[in-house]
Amino acid sequence: MSKKYKPQWRQTPFQHIVYTLCQTRKQIKKTGFEPTNSISDGNVTFYTKGNECAAIVYLRKNNRTDIENFGLIVHEAVHIWQEVKLRMGEDNPSLEFEAYSIQAIAQDLFEIWRDLNNDMD
């Protein structure tokens with residue numbers, strides 16, 4: 001049974017950025033944002049309006065292994081964390097603060113990826 005795509009928005013620690021994960025351009029459009037012309041298999045695009053920021057992680061569906069997808073998700077989670085650091089004005093966060101923040105973002109993205117790959121259009 002196929003379900004209709006509905007964006008699953010999450011919020012970074014300290015609420016600086018909302019983010020979600022999409023696997024098609026059609027899904028990106030359903031977030032209310034326009035897809036970029038990027039042709040990469042994975043990227044994160046930041047959309048800013050005033051002081052508010054949304055990040056769309058795009059992980060194009062293809063024949064990657066789960067491990068390869070997890071690696072890309074962690075990679076994009078780091079980019080989201082890098083943007084959070086900029087917005088916080090944090091030049092040198094503690095190593096644990098950084099690790100826990102990336103872990104939280106990556107876990108959210110893993111959960112969304114899992115849901116998207118359980119028979120969803």
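Guide: Helix 2 and helix 3 are oblique to each other. This is a predicted model.

Visitor: At what angle do the axes of helix 2 and helix 3 cross?

Guide: They cross at roughly 130 degrees, and the axes come within 8 Å.

Visitor: Is the crossing left-handed or right-handed?

Guide: The crossing of helix 2 and helix 3 is right-handed.

Visitor: Which residues make the contact?

Guide: From helix 2 (residues 66-88), they include Phe-70, Ile-73, Ala-77 and Trp-81. Helix 3 (residues 95-116) contributes, among them, Phe-97, Ser-101, Ile-105 and Trp-113.

Visitor: And by class, how many are nonpolar, polar and charged?

Guide: The contact has 15 nonpolar, 2 polar and 3 charged residues.

Visitor: Back to Ser-101. Buried or exposed?

Guide: Ser-101 has 3% relative accessibility, so it counts as buried.

Visitor: What lies 2.8 Å from a polar atom of its side chain?

Guide: The backbone oxygen of Phe-97. Beyond neighbours within four places in sequence, Ser-101 is in contact with Pro-13 and Trp-81.

Visitor: Switching to the strands. Where is Tyr-58?

Guide: Tyr-58 sits in strand 4 (residues 52-59). Its relative accessible area is 11%, so Tyr-58 is buried.

Visitor: What does Tyr-58 touch, not counting residues up to four places away in sequence?

Guide: Its contacts include Cys-22, Arg-25, Ile-28, Ser-40 and Asn-43. Tyr-58 also lies 8.7 Å from Thr-20, C-alpha to C-alpha, with the two 38 residues apart in sequence.

Conventions. Residues numbered from 1 in each chain as written. Predicted model: local features only at pLDDT ≥ 70, side-chain atom pairs only at ≥ 80, totals over all residues. Heavy atoms only, no water. Axes fitted to C-alpha atoms, helices over the stretch in contact; angles between N-to-C directions. Helix = DSSP H or I, 4+ residues; strand = E, 2+ residues; numbered from the N terminus. Parallel < 35°, antiparallel > 145°, perpendicular 65-115°, else oblique. Left-handed = near helix turned anticlockwise from the far one by under 90°. Contact = heavy atoms within 4.5 Å. Nonpolar A, V, L, I, M, F, W, Y, C, P; charged D, E, K, R; others polar. Buried < 20%, exposed > 50% of the residue type's maximum accessible area, 1.4 Å probe, protein only. Polar contact = N/O pair within 3.5 Å; in protein donor to acceptor, adjacent residues only side chain to side chain.
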